[in-house]
Amino acid sequence: MRVVLMSGSSHPVLGAAIAEALGVEPGRCEIDRFPDGEHHVEVIEEVRGCDVYLLQSLGPPVDSHLMELLLLVDACRRRGAARVTALVPYFAYARQDRRETGREPLGARLVADLIRASGLDRLVTLDLHSPAVESCFSLPVEHLSAMPLLAERLRQLVTPGSVIVAPDLGAMKRAERYAALLKLPVAVVHKRRTSGSQVHVHHITGDVKGCTPILVDDMISTAGTIEAAVQALLAAGCAPEVTVVATHSLLVGPSIERLRRLPLQRLLTTDSVPRPEALPIPLEAVSVAPLLARAIEMLRAGLSGR
């Protein structure tokens, strides 16, 4: 069965890198808008009887990219594709996997249902905000992780005085995995969120005085959690040489200004979402193209993409 790889408009550079790793030409599609803002998608590539892979990361503007993905899946189905798999390195709405007050929707479940209704056969994604999001889907989900890639780069940077820090309780398991890979101690910052972009730190568990902190999380949005955690660590006596590691760097709102104010040595991330070419912070991105290309090859062979 012939493989076809196509990209939506969210991250064509990553799509081209995956195609190069696979040794295939990117499939052709056209994406534009009608004058009223309505999306228009046309799949030019012949996909009848093909194994189709659609790359669309759901970074900002989230809803626009989600709608594109739904239309691309439907278009491929109606053109006779044998199987359609979505490669979604960053899956938006994953933070809405529970109802804390009883007055919110289950956004993750709703988006999962929309994707399933479009006719998708399988989803490949990367470092979900919560593994519980997999249970929202009634289709197979290949949940990959960029942690081994990031840890391998970190291995070249750590010192005997480094400490892995979870900036909140939600990142504790992730921090423990990094600590196990790098054989480093772990500390945890305990916080309380006061708004969508503001947090308050209660205390720190673990010995951090005199240590060089490496903060790890799945994503950075407004950088409010990172800023509060770094300030608490500095107050506790950490060395003013901070490394931040996150799979998804959305860097929206006041994030850049917040990170600029910190003694940031390096922000280590991936290219799961595109970023501006020039940023006033020391950012290093590890490509996930080889990871996603390998997942495609494994799925083509009938094996798990993990």
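## Ground rules

Residues are numbered from 1 along each chain as its sequence is written, and side-chain values use heavy atoms, without hydrogens or water. Because the model is predicted, local features need pLDDT of at least 70 and side-chain atom pairs count only at pLDDT 80 or more, while totals for chains, interfaces and linings use all residues.

## Two domains

The chain is assigned domain 1 (3–144) and domain 2 (147–286), with bounds from an automatic or database domain assignment. Taken over C-alpha atoms, their centres are 28 Å apart.

## Where the domains meet

Contact here (heavy atoms within 4.5 Å) links 13 residues of domain 1 with 13 residues of domain 2. The two domains bury about 1100 Å² between them, with 58% of it on carbon and sulfur atoms; buried area is the accessible area (1.4 Å probe) that two parts lose on being put together, summed over both. On the domain 1 side, His11, Tyr90 and Asp127 lose the most area to domain 2, together 48% of what that side buries.

Asp127 also pairs with Arg174 in a salt bridge, the closest N and O atoms being 3.9 Å apart. The rule for a salt bridge asks for a side-chain nitrogen of Lys or Arg within 4 Å of a carboxyl oxygen of Asp or Glu, and the count between the domains is one.

## A cavity

What lines the largest cavity? Ser249, Leu251, Thr269, Thr270, Val273, Pro274, Arg275 and Leu283 do, and by class they are four nonpolar, three polar and one charged. The space inside is about 30 Å³, a volume filled by probe spheres set on grid points joined across faces, edges and corners. A cavity is a set of points on a 1 Å grid over the protein atoms alone where a 1.4 Å probe fits but cannot get out, and lining residues have an atom within 4 Å of a point.

Conventions
On a 1 Å grid over the protein atoms alone, a cavity is a set of points where a 1.4 Å probe fits but cannot get out, and a pocket is an open set with protein on both sides within 12 Å along at least five of seven lines; lining residues have an atom within 4 Å of a point. Ala, Val, Leu, Ile, Met, Phe, Trp, Tyr, Cys and Pro count as nonpolar, Asp, Glu, Lys and Arg as charged, and the others, Gly among them, as polar.
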